Amino acid sequence: GESVGLHLPTLSVQEGDNSIINCAYSNSASDYFIWYKQESGKGPQFIIDIRSNMDKRQGQRVTVLLNKTVKHLSLQIAATQPGDSAVYFCAENISNQGGSEKLVFGKGTKLTVNP
Amino acid sequence: NAGVTQTPKFQVLKTGQSMTLQCAQDMNHEYMSWYRQDPGMGLRLIHYSVGAGITDQGEVPNGYNVSRSTTEDFPLRLLSAAPSQTSVYFCASSYSWTGKNGYTFGSGTRLTVV
């Protein structure tokens, strides 16, 4: 079946270090991926996305890398700050037979930034 | 801009009771969906709608009904609540049904069924 998962459920880093959060996906036909950040008590918030025709996309302090060969996605956060502490989800866009599409989310990685 | 508004924020139900979780968006988004979030399970899709009058099932639809009579509203109904439906529920909307513009999520409804 289709699934999106994460290699590490928790990640602890020191403030100022770079963080790398990993994600594996199983559907080779998925053509779009999104990273979401969820702070405690809030809904997920869009961070960055990437289409399958790209292997790298950069935002402000964040970079997403896509390796379609091994079906792996990563989120890199530069100079991690205490405000980055949250749960991070990857999601893949899957097309249904009927033509509609849906996002399937991974289980999430909890990032803790230590001062 | 209110974005996606969910009500109530918290709810406690007894087993067998019914209720409706409300979701409204003011961004004229065509696509709306409901997810439930359980510890260690991530977000799982319950139902979704690609436009007014059109709904479809997600991964875990059993025990839930939806309707989409207007573009703005997408209520989720629990017909007979069960303890297994204790969860945090999120409503999300997107400009296009392809999902390729990212979703805007509501702040969630925390439901406890006793």
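**How the two chains meet, and what ties each one**

Mentor: Let's begin with the contact, which draws 22 residues from chain B and 23 residues from chain A, where contact means heavy atoms within 4.5 Å. This is a predicted model, so local features need pLDDT of at least 70 and side-chain atom pairs pLDDT 80 or more, while totals for chains, interfaces and linings use all residues. Residues are numbered from 1 along each chain as its sequence is written, chains are lettered from A in the order in which they are written, and side-chain values use heavy atoms, with hydrogens and water left out.

Trainee: What makes up the area buried between chain B and chain A?

Mentor: About 1700 Å² is buried there, with carbon and sulfur atoms giving 54%. Buried area is the accessible area (1.4 Å probe) that two parts lose on being put together, summed over both.

Trainee: How many residue pairs are in polar contact across the interface of chain B and chain A?

Mentor: The rule finds three, with both residues at pLDDT 80 or more. Strand 4 (31-38) and strand 5 (42-51) of chain B each bring at least two residues to the side that touches chain A, and strand 5 of chain B has the largest share, five residues. Strands here are DSSP runs (E, at least two residues), numbered from the N terminus.

Trainee: What joins the side chains of Asp49(A) and Tyr32(A)?

Mentor: A polar contact of 2.5 Å. The rule asks for a pair of N or O atoms within 3.5 Å; within protein, one must be able to donate a hydrogen and the other to accept it, and residues adjacent in sequence count only if both atoms are side-chain atoms.

Trainee: Why do Cys23(A) and Cys90(A) count as a disulfide?

Mentor: A disulfide is a pair of cysteine sulfur atoms within 2.5 Å. The sulfur atoms of Cys23(A) and Cys90(A) are 1.7 Å apart, so the pair qualifies. Cys23(A) is in strand 3 (residues 19-25) and Cys90(A) in strand 9 (residues 86-95) of chain A, so the link ties together parts 67 residues apart in sequence.

Trainee: And what about Cys23(B) and Cys91(B)?

Mentor: A disulfide joins them, S to S 1.9 Å. With -70 degrees about the S-S bond, the link of Cys23(B) and Cys91(B) is left-handed. Both cysteines, Cys23(B) and Cys91(B), are buried.

How values were computed:
Helix = DSSP H or I, 4+ residues; strand = E, 2+ residues; numbered from the N terminus. Buried < 20%, exposed > 50% of the residue type's maximum accessible area, 1.4 Å probe, protein only.
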